[in-house]
Amino acid sequence: NAPWCFFSTNHGYSVVNSEPTEIQGTHTHTLSLVIHTKTHVLLTPVPVFCLQISDAHKQRFEVPHEHVKPPATHPSGSRNYVVELTHNPFGLKVRRASTNKVLFDTTMGPLVFADQYLQLSARLPSHNIYGLGEHVHQNYRHDTNWRTWPIFTRDSFPNGGTHNLYGHYPYFLCLEDESGKSFGVFLMNSNAMEVTLQPAPAVTYRTIGGVLDFYILLGDTPEQVVQEFLELIGKPIIPPYWSLGFQLSRWDYGSLDEVKRTVERNRAVDLPYDVQYTDIDYMEDKKDFTYDEVKFKDLPQFADYLHEKGQKYILILDPAIAISKRINGPYEAYDRGTQKNAWVTEADGKTPLVGEVWPGVAVFPDYTNPGCKEWWTDEYIRLSKEIKHDALWIDMNEVSNFVKGSNKGCEDNNLNYPPFTPSVLDGVLYSKTLCMDSKQTWGNHYDVHSLYGYAMVLATKDALERVFEGNRSLILTRSSFPGVGKYSGHWLGDNAANWNDIKWAIPGMLEFGLFGVPYIGADICGFFDDVSEELCRRWMQVGAFYPFSRNHNAQHYKVPVPFLHVPEKPVKFYSDSNTWTVDRQFLWGKHLLITPVLDPGVERIQAYVPDAVWFDYETVISKQQVEMYLPADKLGLHIRGGAILPIQRPAVTTVYSRRNPMGLIVALDDKNRAAGELFWDDGDSRGISTKSDRVSVYVCVYVRVIHSGYSDPNNLKFENITVLGVSSPPVTVNVTHNNNNVVVPTFKYDTIKQVLYLRDLNLTLGQNYTVRWDQDRNPVPETQRFDCYPEPNSDETKCRARGCIWGTSTNEGVPWCYFPEDYGYTATTVTEQPSGLSFDITRNAGLQSSGRPESPDINTLRVEITYHSADLLQFKIYDPMTKRFEVPVPLNVPSTPETDEAKRLYIVQVKKQPFGIQVVRKSTGTLIWDSAVPGFTFSDLFIQVSTRLSSDYVYGFGETEHTSYKHDLNYHTWGMFTKDQPPGVSHSLTHTHTHSPKHGRHYFSLKTSYQCLLAFDQMDQFVLQCYNHDIHNAQHTQGQEVCSWQLYPV
């Protein structure tokens, strides 16, 4: 597919003036090039790069977007990108400032800017390209082997071809590499276009109108890029709570009696089932704002019938308005629209364009016309008074027309037949839609065709707000444009009952998450064709995890019987390149992995499970294998360690289930941690900022209210907590509320599954609680214990009061009270300069006091690491808020640090959790200092740090009397404090020395406010010198080469 005809290197434009920037080329006109940045649309102060290329001498069409506006002022401050301008031929390179990586390079191909043909190419940094739409993409990550995708809204079947479909999305996200750094590119242009991806990798845009208006958004993760794109186009709506339940629909039930039989049949088997639809067959002759008074005579009361059982009713409207009369009189909706001049017109701007759709010969509302929007709102208010319902489904709004262009055809001109036609379906722009020279208020249909559904959503949003006022309600649209998600959901269109379409729905839904439309789903069991029992069952299983979960099928096909599997939802593992192409599994948020069966006759799936701790939802057994056994009644559902998920006792509708008691599933990660957040409001009110509760939960388990503005009338309680991954049985469990014990729950521990079950709780939603359990953990090897209670007379009660572990030993010197693995601090953002590192560390959440009331813990500390020379480094830890004593002994250190990394003999690494400093000798790769071990304590009068060393050859410490020059590592503790004392083993002498050359792998512990110097030589030795003036104990531990100093400040 590589092109045989391609541009020369000197083709294009050259820059002739750069303030304001203008570019001039071989054409007779001059283009203006506008480069600006925006700050007001982002989550962060980092601006988005905007590039607009337009004609300086002629006004051209620009998208009149409801949310995206030009910046009010030119931003100041730092940017996360750098722009390089090439003058001849004109081109731009956009680089990431932090890495200097080129992200978007237009110098690889020329700019072409003709009246009806605009082209721009850009080289990209990787093949990890996601987005562009709407099409059926058989894989989530794009194939860059010369694939061309047309973008132009079109009523067509999503059957796996490369043709254009219902939405218009010239937006993609590019994942740069394993770091997760990503960027998004959005072209704000609504004209028909095509986008080609080629192996360079590169992208080429070819559009036939408007301007080139690019927005480039940079982020450190794909999620950040998506959030920035949503800030740009409008954040998505929070749908009503009931819309997250299962929904049922069919085109042509035939009568309301048949609809009710369907409802009763499903009620009889207690099918979880929230919403019932009616398609256009409820209308009189498929005319909007009417209903069939014979077959659907009781439709005005149908919503009440559903509401009695907690169910909702949604009906449909299409844009096309019939010009024929009703059975018993005039079609007043059409007459009132004509009076308002509400219709799209022919090229003369006066005559309504006439086509043909479901109701027959019809006209088409111009939703860009304020008069049309008023008419639409008025008609919808009239309908809602006649037929009670809960939300609105809008369809056929690409806009669809069953004749080409109009019932008169289309004129032979350069709008209907442009000089270049993108590779759209049928090769004709007006195929199955309106003539391109027809007129709307926003402009020629040629320019605004792909905005038809977007404008209809804006008009429908106004209408629903008038009818439902303070309630959210719901819009579901088939055609869409960036920004539609601010008001509406979407479904993937008229799919079919086959195994391909169940597969291809997953990439489609993932893409609409990128596009800002998270309320997304596919027609479960397929719209067209008869569905097999196996396919429908498998589709119902995965469809339970579609955010919009609806079973919908077409007339004349067998009614699919739902087989619902009911369980109690942007690339997440971007550092794992194996996940970049996974699109037969998907994640709900960060913590639920869904693995469906997508092929017939299959019960064993080779699934990819990313590197993390995972628990099977139903059997709660930790998972590592990639082969899953998924028999007919099961799909793969796994919880990622680190999650706290709210659950609720189920019911047949969400109206009833949200009244039931709640619970929590706590899935511990490999560090025995988990966190989660629950947003809870009444589920229906449009305003959410003041009428909601946001509850955060942490292990072990802190239930903390972030915002409380909603009091649930059902007085909801958390009754059960299930904790997965508890490695040993708990000794005690207690619950406190405002520091008062409120209940001792019933608990059970499953030793096989390693699950802790807490039952019979009574924790009120919206209140703060602490649920704590103490457990006998798997014993830490004795040689890796770090003493948590160095004072005399320790016992189990005192030990556990410090949050530490009690474990006896028959070996002399082994500490019986020792630190858990998560005890210590966590490093926040680590800033590295050529001369060293500087950062803050914070005491880990949930830790108890270190157990010395007269010595309060210091929660935030500053760490400074200085590279003094090639063989000397210093690290210092101190309280940045309160000045503390430092030893006034001058040291002979270089006046300037060693900033050349190549000259240094060492590498310094910082472990964030638990915080520790690691020093590696470059020449051998030996880790000679590693303080990333539990137990780091920094209180006012007690400081302790431990480290692994690299051998048992340890010398120094003093002044004390040692029986041998090389230290015995069998749990010796050495006190250090100058004292008039006769020499004797284990007594402190006259001088305080902490001078210890050492080599190999060891554990080293220092308890003092400290700053230390590490000095290297070329003989595989180094010297540690720590300065302090306090009482010290130095303890050596044998076996795993553990050495610890214990220092007691006066």
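Predicted model: local features only at pLDDT ≥ 70, side-chain atom pairs only at ≥ 80, totals over all residues.
From its first C-alpha to its last, H7 reaches 24 Å, close to the 24 Å expected at 1.5 Å a residue, where the expected span is 1.5 Å times one less than the number of residues.

Serine 126 lies in the loop between strand E9 (117–123) and strand E10 (129–133), and it counts as buried because its relative accessibility is 7%. Apart from neighbours within four places in sequence, its contacts (heavy atoms within 4.5 Å) are Cys174, Leu175, Glu176 and Pro201; glutamate 176 is 50 residues away in sequence, yet the C-alpha to C-alpha distance is 5.6 Å. A polar atom of the serine 126 side chain lies 2.6 Å from the backbone oxygen of leucine 175, and the side chain also reaches the backbone nitrogen of asparagine 128 at 3.1 Å.

Histidine 168, in the loop between strand E11 (147–151) and strand E12 (169–175), counts as buried because its relative accessibility is 0%, and its side chain reaches the backbone oxygen of asparagine 189 at 2.9 Å.

Residues are numbered from 1 along each chain as its sequence is written, and side-chain values use heavy atoms, with hydrogens and water left out. Local features need pLDDT of at least 70 and side-chain atom pairs count only at pLDDT 80 or more, whereas totals for chains, interfaces and linings use all residues.

Key:
Helix = DSSP H or I, 4+ residues; strand = E, 2+ residues; numbered from the N terminus. Buried < 20%, exposed > 50% of the residue type's maximum accessible area, 1.4 Å probe, protein only. Polar contact = N/O pair within 3.5 Å; in protein donor to acceptor, adjacent residues only side chain to side chain.
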